[in-house]
Amino acid sequence: MAKAPVLTPQADDFPRWYQDLINKAELADNGPVRGTMVIRPYGYGLWERMQADMDARIKGVGAQNAYFPLFIPQSYLTREAEHVEGFAPELAVVTHGGGKELEEPIVVRPTSETIINEYFSKWVQSYRDLPLLINQWANVVRWELRPRLFLRTTEFLWQEGHTAHATEQDAREFASRIQRDVYADFMRNVLAMDVVLGRKTAKERFAGATNTLTLEGMMGDGKALQLGTSHELGQNFAKAFNTSYLSKDGAQEHVWQTSWGSTTRMIGALVMMHGDDNGLRVPPQLAHVQVVVLAIKGDDAVVAKVQEVGEKLREAGLRVVVDDRTDTPFGRRAVDWELKGVPVRVEIGPRDLESGTAMLARRIPGGKAPVELDALAGLLPKVLEEDQAQLLRESSDRRLARTVDVATIEEAAEAAATGWARIPWADLGPEGEAKLAEQGVSVRCLVAADGSVPQSDDEPGALAIVARAY
């Protein structure tokens with residue numbers, strides 16, 4: 001009888017494969033309250049690496065980190081009508097505290113535009129205070145009816161940036177800079193994810209924004225996942241909260257604003273974009289464990305050599321774990337590390353000691369080959385660089401192969417069954433977008449014919465990217 005696979009094959013049931021992998025790679029568990037999740041150490045290690053790299057990029061564009069309260073007075077949200085209407089179905093509201101009914105209900109933070117504007121209005125007095133660039137790392141709560149670990153959870157972790165500018169042009173350029181220089185650069189060069197940069201349609205725009213810029217990625221099953229957004233808020237929140245400044249000309253002006261965010265959803269994208277039937281494949285630039293050095297047997301000389309090799313590789317600047325748990329069968333340990341997607345395994349046993357070699361197993365391209373122990377420190381950085389490039393190339397090749405140009409709504413819906421469709425926005429329009437939505441298909445974003453981001457919803461030649469989405 002054939003041995004049952006560790007994971008449900010992707011081709012048999014992609015959603016089940018995803019859930020299997022989240023569980024068996026020890027990324028997360030479901031929390032006790034429906035829609036919540038417990039992020040396990042290996043999964044949280046990925047988030048910590050994401051945080052560190054993103055945080056450096058965010059600070060690199062001039063933003064500073066701050067923290068704002070989790071609890072927001074309900075009256076704050078009602079000041080911007082479109083905003084509260086857009087979030088109303090997702091709000092968690094506290095009505096009692098300390099055993100008493102509260103005088104005013106409190107909303108558990110779904111996003112922070114309102115509370116941050118309350119303080120921006122105090123902090124901004126003059127044009128000299130602008131631009132004001134703030135970011136916070138926090139958790140948010142949006143009541144989710146159809147939860148799925150990392151992709152849609154009632155509580156999730158994210159960063160949210162909020163800025164105030166003197167002019168609309170300055171705000172617009174900053175929102176674009178976040179999309180391009182922070183998010184896209186990080187996703188491509190660290191997460192090895194091919195992403196499309198585009199502009200959301202009015203229907204898909206963030207509640208209260210005048211424009212939403214997005215980054216969309218194609219998952220392994222051809223569906224789309226929104227990986228980050230950057231919003232132009234115009235003066236909507238500034239007027240609602242009277243966030244204004246004294247200009248150089250001595251006039252009182254409302255600021256122009258942006259907000260932007262990326263979340264733990266990126267871990268779900270990592271699984272669905274790079275994973276295979278053997279488990280996760282973690283890009284080396286992201287991996288908090290780039291190399292695991294395994295002792296095949298509990299021989300004292302083998303364990304000593306494994307520890308020595310691990311130390312030399314750390315000295316070479318690699319992120320290394322030594323696995324000398326020889327009371328657990330080698331095969332089981334190798335499968336566990338493969339499930340977790342560690343880019344490289346260095347396997348050492350008694351025979352390897354005799355020959356002065358180790359078995360090098362590469363998770364991303366697959367395969368094993370013997371390598372001289374003395375050559376490892378010099379070889380592995382190049383191997384990891386090659387594997388990082390391969391993941392990005394595979395991601396790009398998948399999107400290009402599974403994106404087709406179409407001319408009708410029917411063709412767009414058909415293409416979205418297995419991939420993405422591109423259709424002229426002028427031929428589709430809001431009416432066509434609504435018809436596609438009835439079939440569970442959405443316009444993910446608008447792109448210019450040359451692949452750039454359109455400057456307006458009605459830019460001539462703009463193409464709509466159409467797909468089924470998570």
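Figure 1. At 0% relative accessibility, Ala192 counts as buried (buried is under 20% relative accessible area, exposed is over 50%, partly exposed lies in between; 1.4 Å probe, protein chains only). The model is predicted, so local features need pLDDT of at least 70 and side-chain atom pairs count only at pLDDT 80 or more, while totals for chains, interfaces and linings use all residues. Residues are numbered from 1 along each chain as its sequence is written, and side-chain values use heavy atoms, with hydrogens and water left out. Ala192 is not a glycine, yet its phi is positive, about 55°. The residue sits in the loop between helix H6 (168–189) and strand S9 (195–199); helices (H or I, at least four residues) and strands (E, at least two) are DSSP runs, numbered from the N terminus. Glu26, also not a glycine, has a positive phi of about 60°. Its loop runs between helix H1 (14–24) and strand S1 (28–30). Glu26 counts as partly exposed, at 33% relative accessibility.

**Figure 2. The whole protein.** The secondary structure comes to 14 helices and 23 strands. The radius of gyration is 25 Å, close to the 23 Å that the globule rule gives for 470 residues, so the protein is as compact as a globular protein of that length (the radius is taken over C-alpha atoms, and the rule is 2.2 Å times the number of residues to the power 0.38). Along the principal axes, the C-alpha atoms fill a box of roughly 80 × 55 × 50 Å. Of the 470 residues, 52% count as buried. Among contacts (heavy atoms within 4.5 Å) between residues at least 6 apart in sequence, 68% join residues at least 24 apart.

**Figure 3. The largest nonpolar core and the surroundings of Leu191.** A nonpolar core is a set of buried Ala, Val, Leu, Ile, Met, Phe, Trp, Tyr and Cys residues joined through side-chain atoms within 4.5 Å. The largest one has 62 residues, and Leu27, Phe150, Met187 and Leu191 have the most contacts inside it. Helix H6 gives the most to this core, with 8 residues. Apart from it lies another core, of 23 residues, among them Leu130, Leu132, Ala209 and Tyr245. Not counting residues up to four places away in sequence, Leu191 touches Met50, Phe186, Met266, Leu270, His274, Pro283 and Leu286. In soluble globular proteins, nonpolar side chains tend to be buried together.

Figure 4. The bond from Leu130 to Pro131 is cis, with omega near -5°. Pro131 is in the loop between helix H5 (113–123) and strand S7 (132–141).

**Figure 5. The largest cavity.** The structure holds 1 cavity of 30 Å³ or more, and the largest cavity has a volume of about 30 Å³. On a 1 Å grid over the protein atoms alone, a cavity is a set of points where a 1.4 Å probe fits but cannot get out, and a pocket is an open set with protein on both sides within 12 Å along at least five of seven lines; lining residues have an atom within 4 Å of a point. Grid points are joined across faces, edges and corners, and a volume is the space filled by probe spheres set on the points. The lining of the largest cavity consists of Glu113, Ile116, Asn117, Phe120, His162, Thr163, Leu233, Gln257 and Thr258. H5, strand S8 (155–165) and strand S14 (256–263) each supply at least two of the lining residues, and the largest share, 4 residues, comes from H5. By type, the lining divides into 3 nonpolar, 5 polar and 1 charged (Ala, Val, Leu, Ile, Met, Phe, Trp, Tyr, Cys and Pro count as nonpolar, Asp, Glu, Lys and Arg as charged, and the others, Gly among them, as polar).

**Figure 6. The second largest pocket.** This pocket has a volume of about 230 Å³. It is lined by 13 residues, and Pro5, Val6, Leu7, Asn278 and Val335 are the closest to its centre. The lining comprises 7 nonpolar, 2 polar and 4 charged residues.

**Figure 7. Val306 in helix H9.** Val306 is placed in helix H9 (residues 300–315) and is buried, with a relative accessible area of 0%. Leaving aside neighbours within four places in sequence, Val306 is in contact with Val293, Leu294, Ala295, Val322 and Ile348. Val306 and Val322 are 16 residues apart in sequence and 6.9 Å apart in space, C-alpha to C-alpha.
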